[in-house]
Amino acid sequence: FENKKYKESKETYEYLLNLYDENDIENITKTYYYLAWIEKEGGKNKEAFSYIKKALSLTPNNPRYLDIMFEISIILKDKGSAKETLDKLKGVNSENKKIGEFEDKIKNLEN
């Protein structure tokens with residue numbers, strides 16, 4: 001990943017998913033998060049959105065996962081998803097210093 005070998009990184013994490021026991025929610029969720037990050041960095045934002053949705057379906061209140069979900073929603077210009085994610089983020093981590101910045105990004109989507 002650090003060498004921007006996104007294809008190889010993705011293949012590695014997808015392989016890891018096959019190794020985990022289905023009850024190993026923590027590692028499965030982290031792997032979906034990493035896959036979302038890899039796809040986002042590789043410019044494949046729809047795929048990234050899909051992976052981060054899977055991570056959030058397993059761990060819905062993780063601020064780090066909500067943060068990347070918000071970023072991807074903005075990139076995809078999905079205002080509904082961005083607003084929904086921001087609302088969840090406010091509920092989970094109201095002290096997040098990025099909330100004002102995120103609200104501005106949603107407003108900019110409206111313009």
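Reader: What percentage of the 111 residues of the protein chain counts as buried?
Author: Of the 111 residues, 34% count as buried; here buried means under 20% relative accessible area, exposed means over 50%, and partly exposed lies in between, with a 1.4 Å probe and protein chains only. The model is a predicted one, in which local features need pLDDT of at least 70 and side-chain atom pairs count only at pLDDT 80 or more, whereas totals for chains, interfaces and linings use all residues. Residues are numbered from 1 along each chain as its sequence is written, and side-chain values use heavy atoms, with hydrogens and water left out.

Reader: How do you know which secondary structure the protein chain has?
Author: Helices and strands are DSSP runs numbered from the N terminus, a helix being H or I over at least four residues and a strand being E over at least two. By that count the chain has 6 helices and 0 strands, and its pattern along the sequence is α-α-α-α-α-α.

Reader: What makes the protein chain as compact as a globular protein of that length?
Author: The radius of gyration, taken over C-alpha atoms, is set against the globule rule, which is 2.2 Å times the number of residues to the power 0.38. For 111 residues the rule gives 13 Å and the chain has 14 Å, which is close, so the chain is as compact as a globular protein of that length. Along its principal axes, the C-alpha trace spans about 45 × 30 × 20 Å.

Reader: What makes a group of residues a nonpolar core?
Author: The members must be buried Ala, Val, Leu, Ile, Met, Phe, Trp, Tyr or Cys residues, joined through side-chain atoms within 4.5 Å. The largest such core here has 25 residues, of which Y32, I52 and F70 touch the most other members. Helix 2 (25–41), helix 3 (45–58), helix 4 (63–75), helix 5 (79–92) and helix 6 (99–110) each supply at least two of its residues, and helix 4 gives the most, with 7.

Reader: Which residues does I52 touch, not counting residues up to four places away in sequence?
Author: A contact means heavy atoms within 4.5 Å, and with those neighbours left out I52 touches Y33, A36, Y65, I68, M69 and I72.

Reader: How do you know whether the length of helix 2 agrees with what it should span?
Author: The expected span of a helix is 1.5 Å times one less than its number of residues. The 17 residues of helix 2 should therefore span 24 Å, and its end C-alpha atoms are 24 Å apart, which agrees. Helix 4 can be treated in this way too: it has 13 residues and reaches 18 Å from its first C-alpha to its last, close to the 18 Å expected.

Reader: What covers the buried residues of helix 2?
Author: The cover includes helix 1 (6–19), helix 3 and helix 4, and among the buried residues of helix 2 are I28, Y32, L35 and A36. E26 is also found in helix 2, but it counts as exposed because its relative accessibility is 53%.

Reader: Why is D67 called buried?
Author: D67, which is found in helix 4, has a relative accessible area of 13%, and because this is below the cut-off for buried residues, D67 is buried. Apart from neighbours within four places in sequence, D67 is in contact with K98 and F102.

Reader: What makes the link between the side chains of D67 and K98 a polar contact?
Author: A polar contact is a pair of N or O atoms within 3.5 Å; within protein, one atom must be able to donate a hydrogen and the other to accept it, and residues adjacent in sequence count only if both atoms are side-chain atoms. The contact that joins D67 and K98 is 3.4 Å. Another pair lies at the start of helix 4, where a side-chain oxygen of N62 reaches to within 2.9 Å of the backbone nitrogen of R64.

Reader: What is the phi of K77?
Author: Most residues other than glycine have a negative phi. K77 is not a glycine, yet it has a positive phi of about 60 degrees.
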